[in-house]
Amino acid sequence: MSSQPRALVTGAGGFIGHHLVKRLKAEGYWVRGVDIKHSEYEPTAADEFEIFDLRRRDNCLRAARGVDDVYALASDMGGMGFISSNHAQILRNNLLINLHTLEAAEMNGAKRLLFTSSACIYPEYRQMEAEVTPLKEEDAYPAQPQDAYGWEKLVTERLCMHYREEGRIETRVVRFHNIFGPLGTWDGGREKAPAAMCRKVAIAKLTGNHEIEIWGDGEQTRSFCYIDDCLTGIRKLMESDYRDPLNVGQDRLITINDLADMTAAIAGITITKKHIPGPQGVRGRNSDNTRLRQVLKWEPEIPLEEGMARTYAWIESQVRERMGK
Ligand code: NAD
């Protein structure tokens with residue numbers, strides 16, 4: 001029998017899942033990717049790619065057959081525009097996906113499952129100011145996530161904990177803070193702030209109309225983590241003995257207005273910002289990386305400017321293609 005390790009990546013047709021498949025392949029894994037859609041921007045690197053709706057238990061059981069490691073990334077999600085509405089859909093779909101994925105991993109005898117949670121689990125009352133105190137893992141409780149998306153992640157975190165405590169399967173839980181990079185959704189309503197900003201700036205550059213719309217006053221703050229760092233964090237956590245939820249994100253805080261100016265500088269244009277009503281999420285959010293540094297002896301290292309330059313270049317090429325320029 002081959003000793004090649006075997007991994008399942010759910011959500012492999014999505015942004016992080018697609019990149020994770022490539023990383024696992026480069027590390028020598030046999031990989032099965034599963035999603036309800038194919039990767040949009042380039043072919044998958046997976047050995048097997050199956051189109052399954054993972055809300056269904058029978059599909060999860062088929063997806064998890066014969067693998068050592070399960071990376072549970074499949075999720076009905078998007079940027080603020082998407083997750084601040086669609087609450088019932090998000091809660092229902094993601095609960096079904098995650099309940100069935102965990103059960104299927106255990107029943108198929110997988111060794112480990114890594115669940116991708118989110119900074120959206122943190123309580124709204126700790127994120128009321130733009131100059132926010134960075135969020136430590138233990139700040140999750142008393143729980144009060146802003147949206148159903150965060151509540152579902154929190155419930156699945158606890159499900160992972162109980163499965164592990166009862167000896168059913170080893171679990172790892174990562175809480176991502178705004179991951180961005182090339183090959184991520186950049187239009188259609190599910191895109192996140194960095195991708196939306198790159199698209200708006202690219203359109204401004206290519207049309208000559210340099211007015212950019214920004215939701216709210218633009219003084220809301222976030223930290224943003226480049227995809228390559230995210231993948232390194234996932235792999236290090238999966239290999240580690242650490243079992244509690246762990247932040248993976250950058251701890252450099254930036255306002256959305258400054259992110260817009262940074263993107264415009266990368267594109268080589270000057271923009272005018274037009275602030276319009278729109279969903280903004282919490283006022284401020286940042287990652288406290290103290291535990292990350294202790295546990296993994298590492299933290300994200302790719303500077304925001306560098307990540308945004310790579311992302312902007314890819315999105316500008318996408319916009320050019322769309323506009324026939
Ligand atoms: P994504 O939307 O690009 O990928 C998720 C994938 O799940 C999509 O391809 C989607 O088609 C698939 N999916 C949805 N419903 C499905 C179903 N019923 N059956 C099978 N597949 C289904 O999102 P992403 O940015 O790659 O995020 C990956 C994971 O990381 C998600 O669990 C997400 O909640 C989490 N996360 C991401 C971020 C971020 O900033 N990108 C932040 C926090 C947490």
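Arg164 is found in helix α5, which covers residues 148-165. The model is predicted. Because its relative accessibility is 14%, and buried means under 20%, Arg164 counts as buried. Leaving aside neighbours within four places in sequence, Arg164 is in contact with Ile169, Glu170, Thr171, Arg243 and Asp244.

In total, 26 residues surround the ligand, and the closest are Ile16, Asp35, Tyr149, Lys153 and Ile179. By class, the shell holds twelve nonpolar, eight polar and six charged residues.

| Residue | Atom in the residue | Atom in the ligand | Distance |
|---|---|---|---|
| Ile16 | polar backbone atom | oxygen | 2.8 Å |
| Leu73 | polar backbone atom | oxygen | 2.9 Å |
| Ser75 | backbone N or O | oxygen | 3.1 Å |

The ligand taken alone exposes 810 Å², and the protein buries 92% of that area. Strand β5 gives the most, with three residues.

**Backbone geometry in the loops**

Most residues other than glycine have a negative phi, and most peptide bonds are trans. Several places in this model depart from that pattern. In the loop between β5 and α5 lies Pro142. The peptide bond that joins Tyr141 and Pro142 is cis, with omega about -5°.

Asn86 has a positive phi, near 60°, and is not a glycine. Asn86 sits in the loop between α3 (80-83) and α4 (87-107). Its relative accessibility is 31%, so Asn86 counts as partly exposed.

Leu183, also a residue other than glycine, has a positive phi near 70°. Its place is the loop between β7 (179-180) and α6 (193-207). Leu183 counts as buried because its relative accessibility is 13%.

**Helix α7**

Helix α7 is made up of 13 residues, 227-239. From the first C-alpha to the last, α7 reaches 19 Å, which is close to the 18 Å expected at 1.5 Å a residue. The buried residues in α7 are Ile227, Asp229, Cys230, Leu231, Gly233, Ile234, Arg235, Leu237 and Met238.

Definitions and conventions. Residues are numbered from 1 along each chain as its sequence is written. This is a predicted model: local features need pLDDT of at least 70, side-chain atom pairs count only at pLDDT 80 or more; totals for chains, interfaces and linings use all residues. Side-chain values use heavy atoms; hydrogens and water are left out. Helices (H or I, at least four residues) and strands (E, at least two) are DSSP runs, numbered from the N terminus. The expected span of a helix is 1.5 Å times one less than its number of residues. Buried means under 20% relative accessible area, exposed over 50%, partly exposed in between (1.4 Å probe, protein chains only). Contact means heavy atoms within 4.5 Å. A residue is near a molecule or strand if one of its heavy atoms lies within 4 Å of it. A polar contact is a pair of N or O atoms within 3.5 Å; within protein, one must be able to donate a hydrogen and the other to accept it, and residues adjacent in sequence count only if both atoms are side-chain atoms. Accessible areas come from the Shrake-Rupley method with a 1.4 Å probe; for residues, only the protein chains shown count as cover. Ala, Val, Leu, Ile, Met, Phe, Trp, Tyr, Cys and Pro count as nonpolar, Asp, Glu, Lys and Arg as charged, and the others, Gly among them, as polar.
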